[in-house]
2 protein chains.
Amino acid sequence: MAKAWHLMRRPQGMPVMEDFALKDIELAPLEEGMVRVANRWLSVDPYMRGRMNDVKSYVPPFALDAPMSGGAVGEVLESRDPGLSVGDMVLHMSGWRDETVEPAANFNKLPAIPGVEPQAFLGNLGLTGGTAYFGLLEAASAKERDIVFVSAAAGAVGSAVVQIAKAKGMTVIGSAGGADKCEFVRSLGADEVVDYKAGPVLNQLAAAAPKGIDVYFDNVGGDHLDAALALARQNARFAICGMIEGYNAGEPTQLRYIMRIIAMRIRLQGFIYTDYMDKMGEFYRDMGGWIASGQVKGRDTVIEGLERTPEAFLGLFTGANTGKMLVRL
Amino acid sequence: MAKAWHLMRRPQGMPVMEDFALKDIELAPLEEGMVRVANRWLSVDPYMRGRMNDVKSYVPPFALDAPMSGGAVGEVLESRDPGLSVGDMVLHMSGWRDETVEPAANFNKLPAIPGVEPQAFLGNLGLTGGTAYFGLLEAASAKERDIVFVSAAAGAVGSAVVQIAKAKGMTVIGSAGGADKCEFVRSLGADEVVDYKAGPVLNQLAAAAPKGIDVYFDNVGGDHLDAALALARQNARFAICGMIEGYNAGEPTQLRYIMRIIAMRIRLQGFIYTDYMDKMGEFYRDMGGWIASGQVKGRDTVIEGLERTPEAFLGLFTGANTGKMLVRL
């Protein structure tokens with residue numbers, strides 16, 4: 001019997017374990033054209049918090065008391081489709097469970113690339129890396145010699161932003177919480193780091209970026225966004241990717257420096273990975289090259305076992321991960 | 001003896017009359033190439049509040065205990081330059097005073113256009129109209145059939161935005177304070193109005209724009225900006241022109257809906273009139289045509305007398321003006 005995590009109720013503020021239940025599920029029969037896949041890697045991502053609310057957004061909300069979904073890498077166990085064979089590794093959206101049976105069209109067969117592990121397609125070659133790449137280079141129009149500030153720089157997206165920015169010849173300031181994570185951000189090539197647990201972001205960013213910033217890649221919102229507004233140079237561009245501080249909060253965001261948008265002609269641009277599907281070719285070419293050359297390295301925080309998936313997800317909001325948070329089955 | 005308003009101290013919060021003093025000034029000698037001009041019309045504009053702080057911005061701060069400056073239309077009284085003659089009307093930046101002697105290059109001779117009064121160059125053919133035109137069409141990339149929300153729509157810039165948007169075939173919702181101003185906004189062609197004094201902006205905007213908004217022209221900030229974020233449709237564009245609510249406040253802006261920037265891919269773009277100097281030709285062509293055809297009408301609130309200039313300025317923050325606030329000498 002397969003098992004899948006179900007959302008049992010809509011979280012109020014920070015989700016708790018009792019919002020989730022692991023339940024047996026019936027798999028579809030393996031008819032002609034269908035494939036049975038065992039998940040090996042599950043992705044948990046901050047955007048999933050939004051799907052737990054009953055609010056129309058860019059992805060539909062999770063239904064209550066039904067199997068949840070999300071990015072996953074699995075292995076084909078049985079196939080009744082000529083395009084997929086037993087042992088193939090596939091990328092698909094039926095995460096939060098151990099097994100699934102679906103039409104072959106729901107699965108993307110992963111290419112075998114020397115030195116690239118299949119779970120990279122949940123990270124730097126997938127949603128995470130693509131979000132970093134398109135956000136930095138498209139939404140924020142970042143270019144060589146820009147001074148770039150990245151929040152949550154030890155996280156999955158942030159650590160990719162740091163490395164892409166360095167590969168493109170930018171100056172990078174990354175924020176992270178605690179000495180270990182700051183050290184990790186430095187090891188990725190960041191020129192300066194801001195430890196948001198050590199003191200106010202604004203003071204530290206002012207010291208780290210005495211000339212101000214041209215680009216801000218926002219994963220956090222709140223005080224980080226306000227500090228970036230305070231220190232933005234003329235024609236600064238902000239890619240607004242996430243506001244993890246606000247995902248669980250009922251409180252409004254307080255901005256003291258939002259008026260600088262006018263004098264500094266700041267541009268804020270919200271974006272989502274899928275806005276740039278027409279540029280996936282460039283992404284695979286650039287990111288593939290950087291991974292091959294070692295200019296972009298992945299780092300995963302791995303939680304073992306399907307039953308710990310909610311714990312992995314909750315860890316995203318408490319800083320439990322360095323780099324990409326994954327569940328291994 | 002000429003007189004000029006001096007800023008005597010930096011206002012804390014809302015400026016008060018005691019921050020200003022009208023003092024005698026020495027005029028420069030009328031040497032070769034110099035021109036003596038008597039001001040007929042002075043402009044007071046919200047952006048001047050920023051110049052009263054000792055903060056580097058897009059215009060330098062006013063010096064303390066020195067003559068203030070600002071847009072003005074004057075008449076040439078004496079000229080030692082061949083380019084200007086007695087009786088010419090000129091546009092220049094030595095407002096907040098009755099008379100000035102300066103090099104001829106500081107003055108722009110106004111063309112005599114039938115039906116256009118010289119003070120229009122302080123309004124719809126000047127800073128005000130240009131701010132509306134470039135903000136709407138460039139910063140917000142507004143286009144035919146967009147649903148446009150404009151705050152402070154009875155003000156100088158806002159009333160121009162309403163009329164330009166209608167001339168370009170957009171649907172327009174304007175906010176203003178009180179029934180009289182709302183009626184004025186309707187008379188400009190707005191499809192719907194929001195009276196921000198009659199109740200929360202968000203509820204009224206939701207009723208006025210059941211399909212949401214594509215463009216927001218922000219003169220106000222605060223609750224108006226938050227309501228626009230709440231109701232923005234996908235790929236909405238906000239031109240951030242002013243945040244008059246915050247100019248005198250020490251309090252941070254509170255935004256409950258800023259996270260919608262991501263899901264809706266909203267763009268916020270701060271801008272200033274002078275960013276688009278290379279497109280002044282288009283502006284004069286379009287705006288001149290609309291004024292000639294009656295599609296864009298000016299409305300002035302006129303305060304009489306140099307000694308009342310600070311009162312006119314302070315009135316900008318208490319809603320004393322409908323349309324452009326001017327001082328006539």
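Helices (H or I, at least four residues) and strands (E, at least two) are taken here as DSSP runs and are numbered from the N terminus. In the predicted model described below, this numbering places A:R145 in the loop between α2 (127–139) and β8 (147–150) of chain A. The phi angle of A:R145 is near 75°, a positive value in a residue other than glycine. With a relative accessibility of 65%, A:R145 counts as exposed, because the term applies to values over 50%.

In chain B, B:R145 lies in the loop between α2 (127–139) and β8 (147–150). Its phi angle is near 75°, again a positive value in a residue that is not glycine. B:R145 has a relative accessible area of 65% and is therefore exposed.

The two chains meet at an interface in which 31 residues of chain B are in contact with 31 residues of chain A. The size of an interface is often given as the accessible area lost when the parts come together. Chain B and chain A bury about 2700 Å² between them, and 64% of this area is on carbon and sulfur atoms. On the side of chain B, the residues that lose the most area to chain A are B:M259, B:I262 and B:R265, which together account for 23% of what that side buries.

Polar interactions also link the chains. Two salt bridges are counted between chain B and chain A. One of the residues named above, B:R265, forms a salt bridge with A:D275, in which the closest N and O atoms are 2.6 Å apart. Between chain B and chain A, nine residue pairs are in polar contact, with both residues at pLDDT 80 or more. Four elements of chain B, namely α7 (244–247), β13 (253–255), α8 (260–263) and β14 (267–270), each supply at least two residues of the side that touches chain A. The most is given by β14(B), with four residues. By residue class, the side of chain B that touches chain A comprises 17 nonpolar, nine polar and five charged residues.

Strand β14 (residues 267–270) of chain A is joined to β14(B) by three bridges, and the two strands run antiparallel. Within this pairing, B:R267 of β14(B) is the bridge partner of A:Q269.

Strand pairing is also found within chain B. Strand β3 (residues 34–43) pairs with strand β4 (residues 72–79) in the antiparallel sense over seven bridges. Here B:L42 stands opposite B:A72 of β4(B). In turn, β4(B) pairs with strand β5 (residues 89–92) of chain B, also in the antiparallel sense, over four bridges. In this second pairing, B:M89 of β5(B) is the bridge partner of B:E75. In a regular strand the side chains alternate between the two faces of the sheet.

A further residue of chain B, B:H6, is located in strand β1 (residues 2–7). Its relative accessibility is 5%, so B:H6 counts as buried, the limit for this term being under 20%. The side chain of B:H6 reaches the backbone oxygen of B:A4 at 2.9 Å. Beyond its neighbours within four places in sequence, B:H6 is in contact with B:D19, B:F20, B:A21, B:K23 and B:I25, and also with B:D65, B:A66, B:P67 and B:M68.

Conventions:
Residues are numbered from 1 along each chain as its sequence is written. Chains are lettered from A and ligands numbered from 1 in the order in which they are written. This is a predicted model: local features need pLDDT of at least 70, side-chain atom pairs count only at pLDDT 80 or more; totals for chains, interfaces and linings use all residues. Side-chain values use heavy atoms; hydrogens and water are left out. Contact means heavy atoms within 4.5 Å. Buried area is the accessible area (1.4 Å probe) that two parts lose on being put together, summed over both. A salt bridge is a side-chain nitrogen of Lys or Arg within 4 Å of a carboxyl oxygen of Asp or Glu. A polar contact is a pair of N or O atoms within 3.5 Å; within protein, one must be able to donate a hydrogen and the other to accept it, and residues adjacent in sequence count only if both atoms are side-chain atoms. Ala, Val, Leu, Ile, Met, Phe, Trp, Tyr, Cys and Pro count as nonpolar, Asp, Glu, Lys and Arg as charged, and the others, Gly among them, as polar. Two strands pair if DSSP finds at least two bridges between them. Buried means under 20% relative accessible area, exposed over 50%, partly exposed in between (1.4 Å probe, protein chains only).
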